[in-house]
There are 2 protein chains.
Amino acid sequence: MDAHTALTALQERLAEIADVAKAAGVLGWDQRVTMPPGGGEARAEALATLGRIAHERFVDDETGRLLDACAPIEDEQPFDSDEASLVRVTRRDWEKARRVPADLRAEMTREAARGHQAWVEARRNSDFAAFLPYLRRNVDLKLRYIDCFEGFESPYDPLLDDYEPDMKASEVREVFDVLRPALTELVAAAPEVEAGFLHGEFPVTEQRAFAEEVLPTLGFEDGAMRLDPTVHPFCTSFSNRDVRLTTRYRGDDLESIWSTLHEAGHGLYAHGNDSALQRTPLYGAPSLGLNESQSRTWENLVGRQRPFWTFWYPRLQARFPSLGTVELDTFLRAINRAEPGLIRVDADETTYSLHIILRFELEQEIVGGRIRLEDLPEAWNARMKDFLGVDVPDDAHGVLQDVHWSGGGMGYFPTYALGNVISLQIWQRVREELPDVDDAIAAGDVSPLGEWLRERLYRHGRKYTPKEMLERVAGAPEIDPEPYLAYLRDKVEGLRAVAVA
Amino acid sequence: MDAHTALTALQERLAEIADVAKAAGVLGWDQRVTMPPGGGEARAEALATLGRIAHERFVDDETGRLLDACAPIEDEQPFDSDEASLVRVTRRDWEKARRVPADLRAEMTREAARGHQAWVEARRNSDFAAFLPYLRRNVDLKLRYIDCFEGFESPYDPLLDDYEPDMKASEVREVFDVLRPALTELVAAAPEVEAGFLHGEFPVTEQRAFAEEVLPTLGFEDGAMRLDPTVHPFCTSFSNRDVRLTTRYRGDDLESIWSTLHEAGHGLYAHGNDSALQRTPLYGAPSLGLNESQSRTWENLVGRQRPFWTFWYPRLQARFPSLGTVELDTFLRAINRAEPGLIRVDADETTYSLHIILRFELEQEIVGGRIRLEDLPEAWNARMKDFLGVDVPDDAHGVLQDVHWSGGGMGYFPTYALGNVISLQIWQRVREELPDVDDAIAAGDVSPLGEWLRERLYRHGRKYTPKEMLERVAGAPEIDPEPYLAYLRDKVEGLRAVAVA
């Protein structure tokens with residue numbers, strides 16, 4: 001078979017697999033947004049079947065034969081071309097996917113489902129002991145999963161690689177070793193800020209109307225996106241013109257604004273993917289960290305800054321009369337305050353990454369066998385005191401708060417903090433190249449920013465490795481915590497300046 | 001392989017196929033209810049892929065080998081058993097599906113999509129000539145499809161068989177030959193009835209609230225169903241505990257009530273399927289006619305009768321003040337009036353089946369080659385005058401009004417009228433066995449009716465052929481138009497009695 005025939009066959013095969021994966025995505029969205037609860041059992045079966053079909057077709061020997069026959073494409077076509085990238089990225093994915101036996105994969109899926117169910121109950125009762133046996137089985141399976149790989153520096157590396165391809169735990173440690181002391185210091189230095197007006201009566205219908213007013217200005221084409229309420233907000237897409245944002249409205253605060261902007265950031269990434277990457281493994285983002293960098297960009301670097309609110313604050317005040325007497329400056333300080341707390345998902349920008357570093361450290365101890373699982377609550381609580389100075393009252397507000405471990409999702413947490421860090425590396429570049437971006441945003445026009453990000457980052461999908469991508473978009477392949485720390489230092493200094501004045 | 005091992009393997013295989021088909025169902029529902037329009041292209045590809053995977057897995061030789069190995073099950077197990085039924089029904093499905101070559105099937109799918117697109121445009125412009133070439137290609141493919149079968153009495157039979165298994169065109173003709181003159185006579189005899197109060201301002205939010213008030217009383221378990229608005233209402237289900245109803249609200253009439261009850265009838269059928277039939281080809285209904293009989297039962301035999309409105313009319317009046325001065329009797333007469341019109345989907349109970357008979361006659365002439373396609377508009381209009389005494393002003397209100405032919409869906413229409421007829425055969429039996437059913441419904445309790453239908457009909461899914469099923473539920477295997485005609489005669493007489501009085 002010549003290389004071009006093989007490429008066509010490979011593309012068809014991958015397109016079919018992408019279709020099945022996309023179908024699973026629709027089923028997952030529906031499950032979390034619209035499905036009547038009675039549908040859960042049948043849905044789990046359908047999702048398992050689709051997952052199995054997509055996986056089997058992908059890891060099949062035939063995929064490997066086609067990849068081999070496609071090898072000349074990589075020499076013939078430029079590195080950046082869709083064709084060479086497809087072959088290169090697919091081979092990496094295929095070689096990785098083949099290493100994990102089907103029954104181990106199936107067992108992991110099963111135990112993840114069981115673990116999740118047990119966790120929901122355990123968290124409700126704040127009963128870590130009840131969750132422990134499920135956690136143990138999931139961790140044991142993770143260790144067997146790690147054994148499928150070889151040549152790694154740390155047993156944590158294969159887990160991390162699922163979310164941050166090619167990144168090593170030691171590289172994350174280097175970044176976090178800089179962050180931890182600096183963040184702890186910042187948190188201690190942050191003044192108390194009055195934010196009581198952010199709690200009160202904020203009718204959900206008005207919050208929804210505000211979200212629907214803001215979203216269309218962010219750069220989504222008409223008819224290519226929708227927003228729905230859900231319990232745990234997420235974003236998914238079934239093509240770059242079918243982007244699904246979700247958010248959570250509470251009647252007594254305004255958090256839905258930033259939850260929506262966060263998911264919109266993920267959504268804009270998907271929306272900006274080149275159409276040519278549809279139905280290929282190149283659709284998406286190179287890593288969760290890069291993807292998260294964009295949710296954080298729109299949530300924080302746009303959505304908590306003066307330019308954005310210069311335009312939007314009067315519109316927000318018009319919807320929520322209680323803000324009528326609150327000055328823009330006061331509002332900005334409140335939404336940028338730093339305040340240690342117990343819960344990761346409620347954490348502000350300054351404290352957030354400390355929650356992550358804690359989890360990263362514990363995860364490494366778990367997979368390294370350096371901590372007994374029954375000692376996790378104690379270790380958690382001690383670190384919370386150490387990092388953030390808070391006392392954990394019970395495990396529901398401590399070690400049981402996150403869903404991730406219940407489904408065996410270890411190696412995922414660091415990507416959140418890396419996203420924060422990367423967002424500032426890219427933002428620095430944005431400010432260099434778009435000196436007037438603040439003025440545009442203050443006039444309600446985010447399109448120069450959106451265009452820049454789409455052109456430099458979003459459209460490339462998964463063509464490049466995370467390091468290649470970071471180098472292209474931010475000028476250097478390495479994750480550098482300094483711009484992020486400088487940003488937070490500015491923030492805290494700003495809060496202090498006003499607090500003192 | 002022994003029969004029981006084979007049965008397990010067959011069940012697993014069919015469960016996987018059912019999962020893929022169900023996934024396609026979710027994608028279809030999403031497409032019609034929630035999908036942003038930009039997602040259409042990717043969705044079409046995903047649906048085509050899922051359809052192909054499900055079809056290929058089903059028609060595979062391996063399915064046949066397993067069926068052969070399962071043959072002893074049919075002797076060992078009772079005819080009614082889930083196991084024997086599975087083997088029996090699956091063999092029939094498999095043998096039929098195998099007859100149609102994959103490329104003909106693919107071509108039909110493609111031309112159906114093209115035809116549908118052309119039809120939307122042609123109907124908008126009332127331009128039959130623009131639609132004609134697409135119709136011709138779809139009809140040609142239908143003729144090739146018919147050629148895949150043998151031993152039929154009429155070339156219409158293989159088409160009809162897709163929707164009404166084992167039924168022949170000649171059997172439909174026998175029924176329609178009784179209906180047509182009788183219905184024409186009834187329509188002519190029907191008096192004009194004042195119904196102006198059914199048009200006016202009926203806020204959609206109130207209509208929706210009324211639907212959400214009625215639905216839970218119809219027998220759906222909590223958390224097993226949802227209702228959404230859409231353009232062309234339909235019902236689908238992904239398990240008997242995940243039933244999706246859709247309806248259409250217009251702000252100036254109350255038609256959403258009967259549209260909702262209609263889809264609820266389909267939904268109750270799915271909801272009533274035995275849980276053991278999930279993920280097998282036995283899930284569903286034996287024929288479209290039987291399925292439609294139940295949508296008609298809930299829409300008309302429940303939803304247009306005095307007992308139902310004895311309970312619900314005061315509640316409806318409370319929501320819509322303009323009905324406050326309209327007596328229940330006046331309301332009942334209006335919703336039971338018979339009035340010739342141009343559009344099938346807007347037709348009342350008395351005229352509805354005449355629209356169907358017209359289509360059935362034309363379809364037979366088309367597949368029999370007894371009419372030139374370019375002459376269809378003229379033939380349509382002549383028959384509309386003949387059957388219903390109305391003049392068709394343009395093709396948008398005539399031959400172009402329905403979606404079915406645009407996608408090659410010939411043989412489908414008769415099932416609507418058969419549904420009407422069958423609903424009365426079953427209803428007759430209901431009244432014999434549940435003499436107090438009216439009192440219960442008038443007290444707002446439809447559960448005796450729902451239980452009876454579930455026990456006698458719904459729970460059996462596709463276990464039996466349509467005739468076997470009809471015999472079990474209504475006492476005779478043949479479709480008998482007399483109860484339906486008697487019902488309509490009563491209705492028209494009632495209208496006349498008051499009109500005269």
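Q: Which residues of helix H3 of chain B are buried?
A: In this predicted model, local features need pLDDT of at least 70 and side-chain atom pairs count only at pLDDT 80 or more, while totals for chains, interfaces and linings use all residues. Residues are numbered from 1 along each chain as written, chains are lettered from A in the order in which they are written, and side-chain values use heavy atoms, with hydrogens and water left out. Helices (H or I, at least four residues) and strands (E, at least two) are DSSP runs, numbered from the N terminus. Buried means under 20% relative accessible area, exposed over 50%, and partly exposed in between (1.4 Å probe, protein chains only). In H3(B), residues 61-69, the buried residues are B:Thr63, B:Gly64, B:Leu66 and B:Leu67.

Q: Which residue caps the N-terminal end of H3(B)?
A: The cap is B:Asp60, with a side-chain oxygen 2.8 Å from the backbone nitrogen of B:Glu62.

Q: How is the length of helix H15 of chain A checked, and what surrounds the helix?
A: Of its 19 residues, 19 are buried, so H15(A) is largely enclosed by the rest of the structure. At its start, a side-chain oxygen of A:Asp348 reaches to within 3.0 Å of the backbone nitrogen of A:Thr350. Just after the helix, A:Gly369 takes a positive phi of about 70°.

Q: What area is buried between chain B and chain A?
A: The size of an interface is often given as the accessible area lost when the parts come together. Here the buried area (accessible area, 1.4 Å probe, lost on putting two parts together, summed over both) is about 2700 Å², of which carbon and sulfur atoms give 59%. B:Thr34, B:Pro36 and B:Ile53 supply 16% of the area that chain B buries against chain A, more than any other three residues. The contact takes 36 residues from chain B and 37 from chain A.

Q: How many salt bridges are there between chain B and chain A?
A: A salt bridge is a side-chain nitrogen of Lys or Arg within 4 Å of a carboxyl oxygen of Asp or Glu. The count between the two chains is eight. A:Arg43 and B:Asp242 meet in a salt bridge (3.5 Å, N to O).

Q: Which parts of chain B does the salt bridge of B:Lys491 and B:Glu349 tie together?
A: The closest N and O atoms of this pair are 2.6 Å apart. B:Lys491 lies in helix H21 (482-500) and B:Glu349 in helix H15 (349-367) of chain B, so the pair ties together parts that are 142 residues apart in sequence. B:Lys491 is buried, with a relative accessible area of 10%, and B:Glu349 is buried at 12%.

Conventions
Polar contact = N/O pair within 3.5 Å; in protein donor to acceptor, adjacent residues only side chain to side chain. Contact = heavy atoms within 4.5 Å.
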